[in-house]
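Dear colleague,

Please find below the structure I am handing over to you, together with its sequence.

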Amino acid sequence: MREAETDDQRFIGKHLRELEERLLQTEVRKSPEELDQLLADDFVEIGSSGRLFNKQQIIEGLINETPVHRTLLDFKIKLLAPDVALVTYRVHNHEEQRYSLRSSIWKRNEDRWQMVFHQGTLTAAP
């Protein structure tokens with residue numbers, strides 16, 4: 001049986017989707033200041049290569065990457081605690097015609113949500 005989504009969960013889900021979509025935007029990916037605000041200091045990412053990356057490594061990589069048009073699809077949220085959420089979704093990379101499954105853990109730190117974990121896995125088209 002599927003659990004009914006609460007108003008709070010819908011509000012948090014809408015907000016976190018907006019933050020995830022911001023992280024796909026070239027101008028945000030090129031801004032160390034914005035990335036610093038969105039990623040927690042103890043942020044960790046498992047890349048599609050299987051390698052672990054910390055916050056500084058991700059910021060350096062993103063500001064130097066070639067811009068790519070990406071679309072976020074099939075966004076879902078699960079609250080793990082009142083101030084911790086797991087989000088899952090797919091991303092379509094339009095230039096390379098590739099898809100990936102993504103998961104992120106977000107934590108509310110004082111008055112803002114920050115990503116503490118992210119993983120992306122390449123997958124076949126839907």
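**Salt bridges in the predicted model**

Arg98 and Glu96 form a salt bridge, in which the closest N and O atoms are 2.9 Å apart. Arg98 counts as partly exposed, at 39% relative accessibility, and Glu96 is also partly exposed, with a relative accessible area of 46%. Please bear in mind that this is a predicted model.

In total, the structure holds 10 salt bridges. Another of these joins Glu34 to Arg22, with 2.0 Å between the closest N and O atoms. Glu34 belongs to helix α3 (residues 32-38), while Arg22 belongs to helix α1 (residues 7-22), so this pair ties together parts that lie 12 residues apart in sequence. Glu34 is partly exposed, its relative accessible area being 29%; Arg22 is partly exposed as well, at 30%.

A further salt bridge brings together the side chains of Asp41 and Lys55, at 3.0 Å from N to O. This pair links distant parts of the chain, since Asp41 is in strand β1 (residues 39-46) and Lys55 is in helix α4 (residues 55-63), 14 residues apart. Are these two residues buried or exposed? Asp41 is exposed, because its relative accessible area of 69% is over the 50% cut-off. Lys55 is buried, because its value of 7% is under the cut-off of 20%.

Finally, Arg29, Glu65 and Arg70 are linked with one another in a network of salt bridges.

With kind regards

Definitions and conventions. Residues are numbered from 1 along each chain as its sequence is written. This is a predicted model: local features need pLDDT of at least 70, side-chain atom pairs count only at pLDDT 80 or more; totals for chains, interfaces and linings use all residues. Side-chain values use heavy atoms; hydrogens and water are left out. A salt bridge is a side-chain nitrogen of Lys or Arg within 4 Å of a carboxyl oxygen of Asp or Glu. Helices (H or I, at least four residues) and strands (E, at least two) are DSSP runs, numbered from the N terminus. Buried means under 20% relative accessible area, exposed over 50%, partly exposed in between (1.4 Å probe, protein chains only).
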